[in-house]
Amino acid sequence: MKRLSLQWRMTLMTALLICLSCVAMQLLLGFSGIRTMDRIGESIQGYSNTNEGETAFFDPEAKGTEEGLTIIIQGAQTSFFMSTWLITAAVTVLSGILAWFVSGHALKPLHSFVAQVEKVQLNNLSDMKINEDLLPEFQQLGRSFNQMLERLNHAFAAQRQFTGNAAHELRTPLALLQAQIELFSAEHPDLSEESRDFLRLLREQTERMSQMTGILLEMSHFQNVERKDTVQLQPMIEEIFTDLTPLAEKNRIHLESEGDACVIGSDPLIYRLLFNLCENAIKYNRQEGIVRVSIVPEEEYILVRVRDSGKGIPAELQQSIFQPFFRVDQSRSRDYGGVGLGLSLVWEIARLHGGSVQVETSSTEGTCMLLILPRA
């Protein structure tokens, strides 16, 4: 019962109530009808009073009762009894059907409320308000929900502002630190091996922090980016392959692509999305492996698959890889670089464009990332 929808609950409860009422009515009408027929039979036979002065009801088994009259009255009683039960069943079924449609009509405000709630997204919290012109039972719920949206919008805006401000403030000191490290290394070429290792470590870590602040700054500005460009995917993939050729040649990775489609969105953001997917596929691939990008247009969506021939992602970690700062293998983070925000950025950009990204398949023979975007 707990898994039934509210409409089904209302329908079943209404039908059960009507059924019980009809059964009670049938029993009362049946009892009354039989008594009436008995009295008619009594009158026809001329029975008036018993010795005690009480009225005697018609008894078909009594002596002197005409056989034809007995058959007629018994048949009438049986027919009346059966017809009342058939009417009860028909009324119950018909009432259940009517209750289904009536409850559906009564629940229209709730369905409308649910439809409005489903349209709420992170990027439209400030514009999305639930219509409060509802039934009295839903007005308080609508007001409370709108107040919650307003609080969430303020909280997310404050979070984005803090992230953007923090990232912006970090860029200048990090740039100065990198410049000083480079300058010191150039001015002291005769450093010991231990000092050179220390400077190399400083250089790597400051570079990683610079990447992280840059990505955080990009993410903080996502909400204000226009997403009205017409983007042709195949030329963009070729451009990304060109930019990633040095990395691919370093790892002896072969790049392939097939298919084409057109989407509506932000050209820079979609470029960043596809770039990150392809870069990850190259970084975490085997030597002399393959990265293949396939674009398949469907009726409503564009499917973009990025396949590699790497070692795969464990099943228990496939949902976690889109979380900020998450890495499948922490021990290899220094070898591959990055700050663990690449796939988080991919997920956020896909969501902003009304799409999604997921691990479609993954095994020891490679991984296939599936990107779904609305068709233009």
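Modeller: Happy to: helices (H or I, at least four residues) and strands (E, at least two) are DSSP runs, numbered from the N terminus. This is a predicted model, where local features need pLDDT of at least 70 and side-chain atom pairs count only at pLDDT 80 or more, while totals for chains, interfaces and linings use all residues. Residues are numbered from 1 along each chain as its sequence is written, and side-chain values use heavy atoms, with hydrogens and water left out.

Colleague: Great. How many helices and strands are there in the protein chain?

Modeller: The protein chain has 9 helices and 7 strands.

Colleague: And which loop holds glutamate 288?

Modeller: Glutamate 288 sits in the loop between helix 7 and strand 4. Its phi is near 60°, a positive value in a residue other than glycine.

Colleague: Is glutamate 288 buried or exposed?

Modeller: Exposed, with a relative accessible area of 58%. The cut-offs are under 20% relative accessible area for buried, over 50% for exposed, and partly exposed in between (1.4 Å probe, protein chains only).

Colleague: What about arginine 252, what is its phi?

Modeller: Arginine 252 has a positive phi of about 55° and is not a glycine either. That residue is in the loop between helix 6 and strand 2, and arginine 252 is partly exposed at 46% relative accessibility.

Colleague: Let's switch to the sheet. What is the order of its 5 strands?

Modeller: The order is 2-4-5-7-6, in an open sheet with mixed pairing. Strands pair here if DSSP finds at least two bridges between them. Strand 2 (254-258) and strand 6 (356-363) are the edge strands, each pairing on one side only. From one strand to the next, the twist averages 15°; axes are lines fitted to C-alpha atoms, for helices over the stretch in contact, and angles run from 0 to 180 degrees between N-to-C directions.

Colleague: Which helix packs against strand 2, strand 4 and strand 5?

Modeller: That's helix 6 (residues 233-250), whose direction makes about 175° with that of strand 2. Helix 9 (residues 342-352) also packs on the sheet, touching strand 6 and strand 7, and its direction makes about 135° with that of strand 6. Contact here means heavy atoms within 4.5 Å.

Colleague: In what sense do strand 5 and strand 7 pair?

Modeller: Antiparallel, over 7 bridges, with strand 5 at residues 301-308 and strand 7 at residues 366-374.

Colleague: How many of strand 7's 9 residues are buried?

Modeller: 7 of them, so strand 7 is mostly covered under the cut-off of under 20% relative accessible area. Cysteine 368 is buried too, at 3% relative accessibility.

Colleague: Since you mention cysteine, how many disulfides does the count come to?

Modeller: The count is 0, taking a disulfide as a pair of cysteine sulfur atoms within 2.5 Å. Cysteine 262 is partly exposed, with a relative accessible area of 23%.

Colleague: Back to helix 9. How many of its 11 residues are buried?

Modeller: 9 of its 11 residues, including Leu343, Val346, Ile349 and Leu352. Tryptophan 347 is in helix 9 as well, but it is partly exposed at 39% relative accessible area.

Colleague: What does tryptophan 347 contact, leaving aside its neighbours within four places in sequence?

Modeller: Phe322 and Val357. The C-alpha atoms of tryptophan 347 and phenylalanine 322 are 6.4 Å apart, although 25 residues separate the two along the chain. Just after helix 9, glycine 354 takes a positive phi of about 75°.

Colleague: Last one: how many aromatic pairs are there?

Modeller: The count is 1. Tyrosine 271 and phenylalanine 275 are stacked, at 5.9 Å centre to centre with 25° between the planes. Rings of Phe, Tyr and Trp (its six-membered ring) pair if their centres lie within 6.5 Å, and planes under 30 degrees apart count as stacked, over 60 as edge-to-face and the rest as tilted. Both residues, tyrosine 271 and phenylalanine 275, are buried.

Colleague: Why are tyrosine 271 and phenylalanine 275 separated by about one helical turn?

Modeller: Because tyrosine 271 and phenylalanine 275 are 4 residues apart in helix 7 (residues 267-283). An α-helix has 3.6 residues a turn, so residues three or four places apart point the same way.
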